[in-house]
Amino acid sequence: MTLLIQTLTDGIAVGALYALIALGYTLVYGILQFINFAHSDVFTLGAWLSFAIAAALGLSASAGQSPPWYLGLAVLLAAMVGCGIVGFIIERLAYRPLRQAPRLNVLISAIGVSLLLQNIGQLPHAFGPYPRAMPALLPDRVIFTIVGVQFRLVDMVVLATALFLMVGIQWLVFHTKVGTAMRAVSFNHQTAALMGINVSAIISMTFVLGSMLAAAAGFLYAMKYAQLKQTADSVWVLLGLKAFVAAVVGGIGNIRGAMLGGITIGLIEFFGVAYLSDKYRDVYVFSLLIIVLLVRPSGILGNATVEKV
Amino acid sequence: MPRALAPLLLGGVIALILHLVVQPAVGGFGSNLILFAGINIILAVSLTVVNGFTGQFSIGHAGFMALGGYTAAALMYYGSFKIYGNANFHGGALSWTGRVGGFSGPWMGSGDLLFVIACLAGGIVAAAAGWIVGLPSLRLRGDYLAIVTLGFGEIARVILQGTDAQLRRSQLDAIRSASPLQLMNKLGGALGFIGIPPYTTVFWVYVWVAIMLIVAIRLKRSSYGRALLSIREDEIAAQAVGINNTRYKVRAFVLSSFFAGVAGALYSLQIGSINAGELGFQRSFEILIMVVLGGLGSVTGAALAAIILTALPEVLRFVDQYRMIVYSLLLIVMMIVRPQGLFGVREVWDLMRRRRRQVTGGDA
Amino acid sequence: MNASLAENLLDVRAISISFGGLSAVKDFSLALPPRALYGLIGPNGAGKTTVFNLLTAVYQPDQGSVHVCGRQINGLKTFQIAHAGLARTFQNIRLFGELSVLDNVRMGAQMREPHGLTTTVLRTGGYVATERHIDAWAREMLRIMGLSHRETEQAKHLPYGDQRRLEIARALATQPKVLLLDEPAAGMNPREKVELMELIRFIRDKFEVAILLIEHDMNLVMRICEQITVLDHGETIAVGTPANIQCHPKVIEAYLGEPV
């Protein structure tokens, strides 16, 4: 019973992180029909930026006292802004010039961006090639215990922040004018333009939004897991891939699908690790991808689009 | 039929010349470069069959290389134990990778047969994986294949690095009594698979290079190759003229995976060790950039780019830190400024022909 | 025009499709006897190309059936339908742009003579003979369509009118029983259109295919089509000879609106 509750909570917690990253993928895919390979690297950047900013603020992993809560918020916001800027630059320089080019070209460019981010981050002048420990921004307290399963403050904050952001995005996309503009662009660029929507600005905004979500996910990841591997380590690539699988499983291009997919993937991964074998944690998620692609490629909440002939 | 074999024999002769004449002339470092350039040619040309001819987007090529490499390594290592009782060299002069002049046996030895089988087995296992991965994902849109192949590459690495420890010389009896299935799991795990008797020489690599080039060029200049190119150009129009897109895509993918597996086999049996950790996404990307640089769909382009990008890191060794950064920037800039790479979808002889005549385009 | 069902090259029986609740094509039926030259017209958005897409399995009909030479083809995939003898051209030309003109037609020609991978790589089993065969047939197609002089050019560099002709050549090279032409005259000048009309008649006579064409140019349609079906909002509002159609009140209403 303890194992069940523990697995459930872990799965949902990590699933929420996957969902945040998946939202970024799905937002971009929705308006450009393009998988932004560099997205997971923005997530990595978010985690490392959080570390760098926290360190710059004088916080360190070895300090005994935990800092005032608003500093944590400051780190989060700063990381989001930083990644938002990076996302904007990437879209402008590497993707926009290829808007009219064949799909393959922009995909290749995205791969280039992904590797660029990874390898720049690894330089000694940047974040360095060694793993680092994220300073604790919250006191390590256990809030309550159910059936032997401990619920820590960190986990609560991570989950609450993730949920808050998801609700925020949901509201933005479905209940604001800007969100309507984004959805219009996702249906048809030309028609949206004819309706007076500045398509380029909306696209930039979508990238910025997605990057900010990835940054938040990175920050939350750093808070929860503390040990950050260097930016080119494959652990980040795998995380990003799993988040992408989450977006696909939920239905790529579908906001609620991304959230649903994230939770699903988190649960699958942790249940697999807990009840089958922990060596193959990534294999479960990818097996699910293959199954979904075979059986229902549009995902749980997606609808199949037919190409116009 | 004999006419069809002629290019292969020519390739064999060239391989012999490279091995017996060129190799001693350029010394150890140079011949290593030649050898690895050859392996990279096989990798790049096989990838261009999928990414270039057929216009699909596979970015997990190194995963097939790893599968092939481990298969061949296991066959060679455990096979040697089972047959000879040790993991020493049992080949001929053409497979001798040691000190020049340190071998005084015949041209071919009994170990060479095992070597050839190991390479073929590596290719076949990789091809089977290609079939399993390709069949569900090639039915769908291009981006999905990219994710699936990326995932596959990582998963292959994870699984191979999760295997049990290798059995050593000291455990000869255990090796002898173990079944193939049991041995399949004892591939060294995170430490990698080591101690494999090396057989790969310039000769063998270039025999396979010849095979790869002949297959690729014959494929391209045939109705089968045209079908692949038509899929790349316009999938809907291809279907309208009776092409079963999925079947062609899967076959191209399986073919490409086979050769990646062979390249992996040659690779692991040259160094004598293999570690899946070095054959992850970064390696796949290095092969991808060779294909893109050479021109998606150009066999000679891919080969040329493979040679350039094998030599370049050696020349620029002092800025190795920035190598991947330079490559990534190169990729992005190329896509914006010259997406067709060096030769586009043409071959080097098409471009030379075009300079003499003024007619645009040729039939490839 | 009452040929028995077994004789019709194309037999469409009451096919329908709706997208998201909106009916795009409703109860569409058509029969093409051998050597027919029929037209399909209607205002923009009437569903004409949708009909073509239904026939070639780009979409699957919700109801109804389609038969080519007596063989049911709805439910088959697009490439299988091509093998069954139904060829088409597209409203927005879909050529293999990077390939040469000859290669484009060879794509059609090779449909009936496929090679496997092993034959291709090993060059066994009469490979050379088959390739020569394909070449010869493709070149013949180009000669008939008047494109031989452009054989080695890349398809994307062809002038517009030639591109349309190339697409037709490619479709014909598959040796179809039924040819669907989607707005073959779009973007052509009057002289080219006259040549096209001749060409279409010639194709029908020489190759004995049944042709169904979608067109907006009334002149062309009235001149060469023996029977015309008129669609409006997915429904068939008239079927008849050009003379009948021209005076049909519903047709006039669909195109020009109701008289005030």
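**Figure 1. Charge pairing and polar contact between chain A and chain B.** In this predicted model, 0 salt bridges are counted between chain A and chain B. Polar contact between the two chains comes to 1 residue pair, with both residues at pLDDT 80 or more.

**Figure 2. Elements on the chain A side of the contact.** Helix 3 (69–95), helix 4 (103–121), helix 9 (234–250) and helix 11 (281–295) of chain A each give two or more residues to the side that touches chain B. Helix 4 of chain A gives the most, with 13 residues. By residue class, this side of chain A divides into 32 nonpolar, 8 polar and 4 charged residues.

Figure 3. The contact draws 44 residues from chain A and 41 residues from chain B. Together the chains bury about 3800 Å², of which 77% is on carbon and sulfur atoms. Ile108(A), Leu115(A) and Leu293(A) supply 15% of the area that chain A buries against chain B, more than any other three residues.

**Figure 4. An aromatic pair in chain B.** Over all chains, the whole structure contains 27 aromatic pairs. One of them joins Tyr77(B) and Phe193(B) edge-to-face, at 5.3 Å centre to centre and with 70° between the planes. Tyr77(B) lies in helix 2 (residues 61–84) and Phe193(B) in the loop between helix 6 (180–183) and helix 7 (202–220) of chain B, so the pair ties together parts 116 residues apart in sequence. Tyr77(B) counts as buried at 3% relative accessibility, and Phe193(B) counts as buried at 0%.

**Figure 5. An aromatic cluster in chain B.** One cluster is formed by Phe89(B), Trp96(B), Phe115(B), Tyr199(B), Phe203(B) and Trp204(B).

Conventions
Residues numbered from 1 in each chain as written. Chains lettered and ligands numbered in written order. Predicted model: local features only at pLDDT ≥ 70, side-chain atom pairs only at ≥ 80, totals over all residues. Heavy atoms only, no water. Contact = heavy atoms within 4.5 Å. Buried area = accessible area lost by both parts, 1.4 Å probe. Salt bridge = Lys/Arg side-chain N within 4 Å of Asp/Glu carboxyl O. Polar contact = N/O pair within 3.5 Å; in protein donor to acceptor, adjacent residues only side chain to side chain. Helix = DSSP H or I, 4+ residues; strand = E, 2+ residues; numbered from the N terminus. Nonpolar A, V, L, I, M, F, W, Y, C, P; charged D, E, K, R; others polar. Phe/Tyr/Trp six-rings, centres within 6.5 Å; stacked < 30°, edge-to-face > 60°. Buried < 20%, exposed > 50% of the residue type's maximum accessible area, 1.4 Å probe, protein only.
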